[in-house]
Amino acid sequence: MTGVPPGPCGDHPVDTRSRALPLRHVLTLPTMGSAVRIARETTEQVLAEWGINGRHPSVGPALLILSELVTNSVRHAAGLSPTVTVMYAAGADTFAFAVHDRHPYRPVLLSAGTAAGATGLGTVMELTLGLGGSAVVRGDADGKGKSIWITLPL
């Protein structure tokens, strides 16, 4: 893809930090259980096509993070969001991805150590920060959806 594509709803661009990442891919799936497996398999395929070694230390955790985020969309957003969209971007030393749904709830991203009890998003944050990455929640312009962006070093 070239340029900065609009978000899945056409109303917001991809995360600012990923604009400089030349490799792009977008996957939209029905918000159902099989989305987790398909998103994970697609991620593995996309990374391989981009020449990112599947044994790189960031890849395994990235797949786990992605699976958790898609699972959260399936579990908590399916009633309001018939689809879940995964956006990928990469460059020479960075892999970024986002999971987008049309549920308005914007979770607070706390590490498992600061949250009351371990949560899926706590695990996401522990893995992301442990790899030297970052995470951000970006709301849709209309307030009826959000994307959770993860950026990891390669």
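The residues lining the largest pocket comprise 10 nonpolar, seven polar and three charged (Ala, Val, Leu, Ile, Met, Phe, Trp, Tyr, Cys and Pro count as nonpolar, Asp, Glu, Lys and Arg as charged, and the others, Gly among them, as polar). The model is predicted: local features need pLDDT of at least 70 and side-chain atom pairs count only at pLDDT 80 or more, while totals for chains, interfaces and linings use all residues. Residues are numbered from 1 along each chain as its sequence is written, and side-chain values use heavy atoms, leaving out hydrogens and water.

Select the pocket first. Its space is about 380 Å³. On a 1 Å grid over the protein atoms alone, a pocket is an open set of points where a 1.4 Å probe fits, with protein on both sides within 12 Å along at least five of seven lines; lining residues have an atom within 4 Å of a point. The volume is the space filled by probe spheres set on the points, which are joined across faces, edges and corners. Of the 20 lining residues, Asn-72, His-76, Tyr-105, Pro-107 and Leu-121 are the closest to the centre of the pocket.

Next, colour helix 2 (59-77), strand 3 (94-101), helix 3 (120-130) and strand 5 (146-153), the elements that each give two or more residues to this lining. Helices (H or I, at least four residues) and strands (E, at least two) are DSSP runs, numbered from the N terminus. Helix 2 gives the most, with six residues.

Now show helix 2 with helix 3. Their axes come within 10 Å and cross at roughly 155 degrees; axes are lines fitted to C-alpha atoms, for helices over the stretch in contact, and angles run from 0 to 180 degrees between N-to-C directions. The two helices are therefore roughly antiparallel (angles over 145 degrees). Contact residues (heavy atoms within 4.5 Å) include Leu-64 and Asn-72 of helix 2 and Leu-121 of helix 3.

Among the contact residues are Ala-39 of helix 1 and Leu-64 of helix 2.

Terms used
Parallel < 35°, antiparallel > 145°, perpendicular 65-115°, else oblique.
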